[in-house]
Amino acid sequence: MKEFLIPKGGLAALQPTTRFALLLFLVFTLASYAVMVALGLSRSGLTPDSIALYYGGVTPDEGKTTGELLETTHFHLFAMPMQLFVVGHVFLLGRAQARWRQLVVLLCFVGAGLDLLAPWTIQWFGAEWAWTKIAARACLAPTLLLMTLLPMLELLALKQTRPPQRETL
């Protein structure tokens with residue numbers, strides 16, 4: 001963790017073994033995104049109608065129950081911020097312009113927030129609020145890919161040599 005305390009030099013300044021571990025983490029993260037997409041497509045689909053049907057049902061008593069939504073929200077309120085924090089931290093160590101990187105991370109967290117909120121808006125306000133899930137996916141998908149693929153490409157492009165030693169305080 002000491003390598004992350006003073007991030008001068010970004011990903012290039014990390015030890016080769018740390019870069020290797022981060023690369024493996026990002027590969028598994030990318031695989032988890034593929035599973036997440038498959039799960040989303042198989043359950044709720046891509047259209048507002050299919051999303052509304054999945055969360056709201058045809059009649060109010062056919063949709064997701066409050067208990068089911070609470071359980072899913074509870075888990076995702078812990079898991080999503082932690083995953084985004086770790087991937088975002090690695091992404092922020094990259095070479096791209098700092099403001100742009102911060103905007104990507106912010107949009108990703110906005111997408112995660114919308115993703116958590118979407119099922120509730122459908123349950124509370126009706127099927128016409130399925131757009132919140134579509135907006136969440138529109139924020140999450142590109143930002144998650146950027147935050148994963150750009151550091152992966154940068155890590156792969158770096159020479160696997162030991163970085164210069166940092167000054168100790």
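Reader: How do the axes of α5 and α6 cross, and within what distance do they come?
Author: In this predicted model, the axes of α5 and α6 cross at roughly 145°. As for the distance, they come within 7 Å.

Reader: Is the crossing of α5 and α6 left-handed or right-handed?
Author: Let's stay with that pair, whose axes cross at roughly 145°. When α5 passes α6, the crossing is left-handed.

Reader: Which residues meet between α5 and α6, and how many of them are nonpolar?
Author: On the α5 side you'll find, among them, W100, V104, L107, L114 and D115. The α6 side includes T132, K133, A136, L140 and M147. Sorted by class, the contact has two charged residues, four polar ones, and a nonpolar group of 17.

Reader: Which residues does L114 touch, leaving out those up to four places away in sequence?
Author: L114 sits in helix α5. It is 18 residues from T132 in sequence, yet their C-alpha atoms are 6.2 Å apart in space. With those sequence neighbours left out, L114 touches T132, A135 and A136.

Reader: How are α4 and α5 oriented to each other?
Author: Helix α4 covers residues 66-92 and helix α5 covers residues 98-125, and their axes are 11 Å apart. They pack at an angle of about 175°. Angles over 145 degrees count as roughly antiparallel, so α4 and α5 are roughly antiparallel.

Reader: What classes of residue make up the contact of α4 with α5?
Author: Take the contact of α4 with α5 class by class: two of its residues are charged and six are polar. The rest of the tally is 18 nonpolar residues.

Reader: What about α3 and α6: how are they oriented to each other?
Author: The axes of α3 and α6 come within 8 Å and cross at roughly 110°. An angle from 65 to 115 degrees falls in one class, so α3 and α6 are roughly perpendicular.

Reader: Which residues make the contact of α3 with α6?
Author: By class, the contact of α3 with α6 has four nonpolar residues, two charged and no polar. From α3 come P48, I51 and Y55, and from α6 come K133, I134 and R137.

Reader: Which helix supplies the largest share of the lining of the largest pocket?
Author: That pocket has a volume of about 1,200 Å³. Its lining takes at least two residues from each of α2, α3, α4, α5 and α6. The largest share is 11 residues, and it comes from α4.

Reader: Which residues lie nearest the centre of the largest pocket?
Author: The lining has 34 residues. By class they are 20 nonpolar, seven polar and seven charged. Nearest the centre lie M36, L39, H76, D115 and K133.

Terms used: Residues are numbered from 1 along each chain as its sequence is written. This is a predicted model: local features need pLDDT of at least 70, side-chain atom pairs count only at pLDDT 80 or more; totals for chains, interfaces and linings use all residues. Side-chain values use heavy atoms; hydrogens and water are left out. Axes are lines fitted to C-alpha atoms, for helices over the stretch in contact, and angles run from 0 to 180 degrees between N-to-C directions. Helices (H or I, at least four residues) and strands (E, at least two) are DSSP runs, numbered from the N terminus. Angles under 35 degrees count as roughly parallel, over 145 as roughly antiparallel, 65 to 115 as roughly perpendicular and the rest as oblique. Ala, Val, Leu, Ile, Met, Phe, Trp, Tyr, Cys and Pro count as nonpolar, Asp, Glu, Lys and Arg as charged, and the others, Gly among them, as polar. On a 1 Å grid over the protein atoms alone, a cavity is a set of points where a 1.4 Å probe fits but cannot get out, and a pocket is an open set with protein on both sides within 12 Å along at least five of seven lines; lining residues have an atom within 4 Å of a point. Grid points are joined across faces, edges and corners, and a volume is the space filled by probe spheres set on the points. A crossing is left-handed if the near helix is turned anticlockwise from the far one by less than a right angle, and right-handed if clockwise. Contact means heavy atoms within 4.5 Å.
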